[in-house]
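Here is a short briefing for a first look at this structure. It moves from charged pairs to helices and then to the database record.

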Amino acid sequence: MPRLTDRYIFEVVRHLPEGQRGDISEEIAATIDDMIAAELDADTGPAGRIDPTAAEHTVLRRLGDPAQLARRYSGVRQYLVGPDVYPVWSRVLRWLVPVVGTIAAVAGGILYVSTTPVPQLGDLIAQLVTSVSAALLWAFAAWTLVVVIIERTTPEGARSALSRTPTWDPNDLDRPGSGSDTRADAIVSLVMLALLAGVPFIPSTFLYIGHLNGGEPLINPDIPTGWVVSYLILIGVLALVQVWRLARPGRSRGRLALEMATDIVFGVFLTALVLSQQTVLHPDLVPANGDGGPATAIRWALVAAIWVIVVWDQVETLRTFRRHSMNE
C-alpha cells in the first residue's frame, strides 16, 4: 500500500475511538484501493496510462480532509441545532424576539423612571437599548439551550418532540396545508402561551429590577384573584385551540377566524385589566404620583405593548394563511 495512503488513514482514525480504528482502517484502505483502480482503468489520457502516484493524489483529494472524514465516521452531531428541529427553533425565535423585546423595553422604562429624579430622553434611550439587548441575548441563549437539550436527549433515529412531522404519511400529500407547518405553528404558540401563563408569578429579579421591590413578583399581588383566574382561563382556552391544531392540523377560514377572534379577545381583556387597576405592576415598581406623570406613561406603555404584540400576531397569522392559500 502506498505510504501516502497509510498516512491518510492514520490521520483519519487517530480522531476515532480505539475500538473503531481497526475496522474503519480496513474499510478506508479498501475504498481507496478500489478508487485508485477505477482511476487507473478509466483515465488513459493523451500521454498514456495515468501515473499510480497521480491517481492516488486524485483519490485522496476527492476523499477530502481526513479530519472531516473522521467526523463523518464518528457519527457525532456537528451542529448546534439540527435540521429536524430547526424550523420550530426559528419560528419560536420569530415570536420570542418581539415579545421579549417589548417586555424588556417596558421593564427598562420602569427602571429608569423609578430611579431617576429628572428623566432625560437620551438616558432613557440608552437604558432601553441596554435592557432590550440583554433580554434578547438571554432569550436567544435560553431557547437555544432548551432545543439543544431536547435534541441531544432524543435517541438516535427517533423523532424529536420538536420535529414538525413526527408521523408523516404519504396521504398528507392529498391534504394541502394539513402537514408540518400547522404543527410547527401550534408548537410555537404553545411555547409562547406557557411563557405568558408564568407572567403573574415571575419575580422582578428575572428582569434585573428585583432591587426595586425586594425580589417580589413583577405583577401587583393585590390584583383581585378573579382577574388572575380569568387570565389563566383565557390562556387555557388559547392553548386548547393550539392543541386542536396539533391534533388536527389544517387551515381553513373558520379556524383562521377563531384564532384571530381569540387573540383579539385576549388583547381586550388585558387592556381592560391594565386600565381598571390602579397598577398591574408591583406598587414598588411604579412611582407613587397618582395618575399623572410616569405612572400614566407606564400604564399606556403597557397598553401599547399589548396591542403591538396582538397586531403582530394578527399580521403573522394572516400572512401565513395567505402564503399557504396561494400554494394550494
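Glu-259 and Arg-245 join their side chains in a salt bridge, 3.2 Å from N to O. Glu-259 sits in helix H9 (residues 253-276) and Arg-245 in helix H8 (residues 225-247), so the pair ties together parts 14 residues apart in sequence. The model is a predicted one.

**Burial of this pair**
- Glu-259 is buried, at a relative accessible area of 11%.
- Arg-245 is buried too, at 5%.

**Other salt bridges**
- The whole structure holds five salt bridges.
- Glu-18 pairs with Arg-21, and their closest N and O atoms are 3.2 Å apart.
- These two residues are three apart in helix H2 (residues 18-42), so about one helical turn separates Glu-18 from Arg-21.
- Glu-18 is exposed, with a relative accessible area of 62%, while Arg-21 is partly exposed at 27%.
- Glu-11 and Arg-14 form a salt bridge at 2.9 Å, N to O.
- Glu-11 is partly exposed at 30%, and Arg-14 is partly exposed at 43%.

**Helix H5**
- H5 covers residues 86-115, 30 residues in total, and at 1.5 Å a residue it should span 44 Å.
- Its end C-alpha atoms are 41 Å apart, which agrees.
- H5 bends by about 25° at Leu-96, and Pro-98 follows within four residues.

**Transmembrane regions in the record**
- An unreviewed UniProt entry places the feature "transmembrane region" at several spans, including residues 95-113 and 297-315.
- Residues 95-113 are 100% helix in the model, with end C-alpha atoms 28 Å apart.
- Residues 297-315 are 100% helix, with end C-alpha atoms 26 Å apart.

How values were computed:
Residues are numbered from 1 along each chain as its sequence is written. This is a predicted model: local features need pLDDT of at least 70, side-chain atom pairs count only at pLDDT 80 or more; totals for chains, interfaces and linings use all residues. Side-chain values use heavy atoms; hydrogens and water are left out. The expected span of a helix is 1.5 Å times one less than its number of residues. The bend at a residue is the angle between axes fitted to the seven residues ending there and the seven starting there. UniProt positions are given in the numbering used here, feature names are shortened, and annotations may be inferred rather than shown by experiment. A salt bridge is a side-chain nitrogen of Lys or Arg within 4 Å of a carboxyl oxygen of Asp or Glu. Buried means under 20% relative accessible area, exposed over 50%, partly exposed in between (1.4 Å probe, protein chains only).
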